Amino acid sequence: MTTSTPTPKDTHMTDVHVVHEPSRLRYRASIDGQAAGFAEYILTDELIVFTHTEVDRRFEGKGVGSAIARFALDDVRDEGRRKVMPLCPFIKGWIGRHREYVPMVYGIPDSTATD
């Protein structure tokens with residue numbers, strides 16, 4: 001999936017564009033055409049293992065990491081084939097702050113709630 005999604009962040013409403021680069025096993029973010037960051041992963045038949053996320057210092061605090069995490073996790077959820085193993089501390093922490101993504105994490109049992 002190669003898609004661009006503007007994500008408004010910070011008070012300047014910076015547009016962070018994120019694309020999936022499956023040939024490079026990563027999700028890449030840019031701002032105004034400049035490389036801003038990426039999240040790398042490893043694939044198995046059942047898992048996507050996020051191993052590393054990096055944001056260029058010039059773009060820290062502009063929502064780049066969050067835009068990458070949201071786009072990547074939404075992409076994985078939409079594909080519906082794999083669970084997520086967040087070895088990367090940033091992705092793991094981001095999921096912890098956005099609990100709606102917790103059910104995607106490998107090893108977390110599916111909910112049995114019937115309400």
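**Helix crossing and aromatic pairs in a predicted model**

Good morning. I begin with the two helices: the axes of helix α1 (residues 64-79) and helix α2 (residues 89-97) come within 10 Å of each other and cross at roughly 75°. An axis here is a line fitted to C-alpha atoms, for helices over the stretch in contact, and angles run from 0 to 180 degrees between N-to-C directions. The two helices are therefore roughly perpendicular, a label for angles of 65 to 115 degrees; under 35 counts as roughly parallel, over 145 as roughly antiparallel, and the rest as oblique.

Which residues make this contact? On α1 they are G65, S66, A69, R70 and L73, and on α2 they are F90, I91, W94 and I95; contact means heavy atoms within 4.5 Å. By class, 6 of these residues are nonpolar, 2 polar and 1 charged. Ala, Val, Leu, Ile, Met, Phe, Trp, Tyr, Cys and Pro count as nonpolar, Asp, Glu, Lys and Arg as charged, and the others, Gly among them, as polar.

A word on the basis of these values. This is a predicted model, in which local features need pLDDT of at least 70 and side-chain atom pairs count only at pLDDT 80 or more, while totals for chains, interfaces and linings use all residues. Residues are numbered from 1 along each chain as its sequence is written, and side-chain values use heavy atoms, with hydrogens and water left out.

The protein chain has 2 helices and 6 strands, arranged from the N terminus as β-β-β-β-β-α-β-α. Helices (H or I, at least four residues) and strands (E, at least two) are DSSP runs, numbered from the N terminus.

I turn to the aromatic rings. The whole structure holds 5 aromatic pairs. Rings of Phe, Tyr and Trp (its six-membered ring) pair if their centres lie within 6.5 Å; planes under 30 degrees apart are stacked, over 60 edge-to-face, and the rest tilted. The rings of Y27 and Y41 have centres 5.7 Å apart and planes at 45°, so this pair is tilted. It links strand β3 (residues 26-31), which holds Y27, to strand β4 (residues 34-43), which holds Y41, 14 residues apart.

Y41 also pairs with F50: the centres are 6.2 Å apart and the planes at 65°, so that pair is edge-to-face. Is Y41 buried or exposed? Y41 is buried, with a relative accessible area of 4%, and F50 is buried at 1%. Buried means under 20% relative accessible area, exposed over 50%, and partly exposed in between (1.4 Å probe, protein chains only). Finally, Y27, Y41, F50 and F71 form one aromatic cluster.
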